[in-house]
Structures are given as structure tokens and as C-alpha cells.
Amino acid sequence: ILITGSWDGTVAMWDLRSANPIKTENFGSPVFAIDAQDSSPMAVFALGRKAVVYDLGRMVVHNETPAHNLSKFHIRAVASWSDASAFALGYAEGRISCHSLNQSTAAYNCCFKAHSQDLGSNKFVFHQTNFVRPIRKAPAAAVSGGGDGTIKAWRVSSKTRLFESEPVLFNNTPIPVSAGDVTFDGNLLAYGLSYDWGMGKDGYNPQMPRQIHLTYVPDDWR
């Protein structure tokens with residue numbers, strides 16, 4: 001099955017042997033991100049200010065979860081755990097929230113600032129969270145990347161940061177981590193550096209480098 005989502009608010013499930021979708025859902029809000037698991041029949045759709053958990057086995061909505069009440073802006077990224085026990089959301093203001101789907105992951109429920117800079121005096125610079133992924137073989141761990149140019153690893157169950165990378169600079173400004181993913185076995189992390197359009201067209205500089213990085217996931221992230 002191929003799953004597509006659109007800013008027109010629709011999600012379609014496709015059998016690539018056919019020109020027509022198997023099923024189409026209209027959620028009435030732009031679809032910003034999708035994550036699906038091949039190990040369990042579940043997908044999660046990020047729809048602006050809510051997430052829809054979808055049962056791919058029965059082709060029905062399992063539940064709808066509103067954006068965390070600490071977040072103020074739309075959802076940018078979504079990731080589901082391979083055992084369908086939880087999912088995580090990344091927000092335009094740099095937060096991450098984790099949401100349990102059963103009792104075994106109740107400790108994962110949280111929301112925290114992941115990609116923001118603390119300037120002191122209760123002032124912050126927010127950079128969008130562009131990706132968040134759980135780490136296979138480490139159920140309580142996740143990794144994220146954001147507009148601040150950093151990769152960060154998290155112990156979700158204890159809400160602690162395990163690692164933070166140094167950003168790559170261009171003209172003394174961090175190059176955003178615009179996308180990323182962890183391999184099926186949890187051993188490799190791939191991520192891209194490029195402009196992420198967080199500052200719109202006025203922030204675009206065609207000279208900003210575009211890079212793809214591949215690195216091993218350290219044991220101390222697990």
C-alpha cells in the first residue's frame with residue numbers, strides 16, 4: 001500500500017496495480033506529515049493542530065489526538081513506534097510531544113522544548129522541529145532534528161537529553177536539519193542539511209549548502 005496526503009485535507013491509500021485509490025479520507029485540514037509502520041497496521045497523520053491515528057487493517061480512524069496544550073503552532077513532523085504503542089509530534093515552535101497509545105508506554109506522555117534557544121529573562125528563539133524518529137531496539141529513545149541545525153537524542157521515558165550535536169554554520173548561521181530518519185534496525189541515522197523555509201522566501205539564500213549525512217547510532221542513545 002502507498003499512502004499519500006495533501007494540503008487539500010485528503011489522505012489516499014493506493015494499490016499500485018490500480019489507477020484508483022483503495023480508500024480516500026477527507027479530514028478537512030492540510031496534511032503536513034504521515035508516518036506508517038510495516039510491523040503493525042497503523043499510520044499517523046499530522047493535520048495542523050491534531051493527529052489522526054489510523055487503523056490500516058480495518059481502514060478506519062482509531063482515534064484523534066489534539067496538539068499538546070503547551071504547543072501554540074502547527075504540527076510539522078510525526079513518528080510512530082513500531083509496535084503501535086505510542087507516537088511523537090514535532091511542532092513549528094520547536095517542541096516535541098509524545099503520546100501513549102496503551103498502558104505500557106504511559107510514561108512517554110510529555111511535551112518539551114527540543115529546538116529552541118534560551119536567551120535568558122524568559123526569552124526564547126524558536127526553531128521548528130523538522131523530524132522526530134523513535135530508535136528501534138531502544139523503545140524509550142528518540143532522535144530529532146530542527147531549524148537550529150542540531151541533532152538531539154532523547155530518553156522519552158525520563159524526559160532527558162542524551163546527545164546534542166554542534167550545528168554546521170553558513171555565514172555564522174546554523175544550517176537547518178531539514179529531514180532525517182533511522183534505519184529499520186536502529187543502527188544508522190540519515191539526515192539532511194538545507195534551508196527549511198522556516199523564515200519563508202525572504203530567508204532563502206541559494207548559496208546555503210545542501211548536504212546529506214549518514215552516521216551510526218551510538219550505543220549510549222539506546
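**Reading a few features of a predicted model**

Colleague: Let's start with tryptophan 14. Which side chain does the side chain of tryptophan 14 join in a polar contact?

Modeller: That of threonine 4: a polar contact of 3.0 Å joins the two side chains. Keep in mind that this is a predicted model.

Colleague: Where is tryptophan 14 found, and what else does tryptophan 14 touch?

Modeller: Tryptophan 14 is in strand β2, residues 10–14. Leaving out residues up to four places away in sequence, tryptophan 14 touches Ile1, Leu2 and Thr4, and also Ala19, Asn20, Pro21 and Ile22. As for threonine 24, 10 residues apart from tryptophan 14 along the chain, the two C-alpha atoms are separated by 9.0 Å.

Colleague: How do I read accessibility here? Why does tryptophan 14 count as partly exposed?

Modeller: Buried means under 20% relative accessible area and exposed means over 50%, with partly exposed in between. Tryptophan 14 has 24% relative accessibility, so tryptophan 14 counts as partly exposed.

Colleague: On to serine 29. Where is serine 29 found, and which backbone oxygen lies 3.4 Å from a polar atom of its side chain?

Modeller: Look in the loop between β3 (21–26) and β4 (33–36) for serine 29. The backbone oxygen is that of leucine 47. Leu47 also shows up among the residues that serine 29 touches, along with Gly9 and Gly48, again not counting residues up to four places away in sequence.

Colleague: Now the cysteines. How many disulfides does the count come to?

Modeller: The general idea is that a disulfide is a covalent bond between the sulfur atoms of two cysteines. To call one here, the sulfur atoms have to be within 2.5 Å. By that rule the count is zero. Cysteine 98 is in no disulfide, as the nearest cysteine sulfur, that of cysteine 110, is 4.3 Å away. For cysteine 111 the nearest cysteine sulfur is also that of cysteine 110, at 7.4 Å, and cysteine 111 is in no disulfide either.

Colleague: Are those two buried or exposed?

Modeller: Cysteine 98 has a relative accessible area of 4%, so cysteine 98 is buried. Cysteine 111 counts as buried because its relative accessibility is 16%.

Colleague: Last one: how much space lies in the largest pocket, and what lines the largest pocket?

Modeller: About 570 Å³ of space lies in the largest pocket. Its lining has 26 residues, and Phe126, His127, Gly147, Asp148 and Met199 lie nearest the centre. Elements giving two or more residues to that lining are β12 (116–120) and β19 (173–174). By class, the lining splits into 10 nonpolar, 11 polar and five charged residues.

Definitions and conventions. Residues numbered from 1 in each chain as written. Predicted model: local features only at pLDDT ≥ 70, side-chain atom pairs only at ≥ 80, totals over all residues. Heavy atoms only, no water. Helix = DSSP H or I, 4+ residues; strand = E, 2+ residues; numbered from the N terminus. Buried < 20%, exposed > 50% of the residue type's maximum accessible area, 1.4 Å probe, protein only. Contact = heavy atoms within 4.5 Å. Polar contact = N/O pair within 3.5 Å; in protein donor to acceptor, adjacent residues only side chain to side chain. 1 Å grid on protein atoms, 1.4 Å probe; cavity = no way out; pocket = protein on both sides within 12 Å on 5 of 7 lines; lining within 4 Å. Points joined across faces, edges and corners; volume = space filled by probe spheres on them. Nonpolar A, V, L, I, M, F, W, Y, C, P; charged D, E, K, R; others polar.
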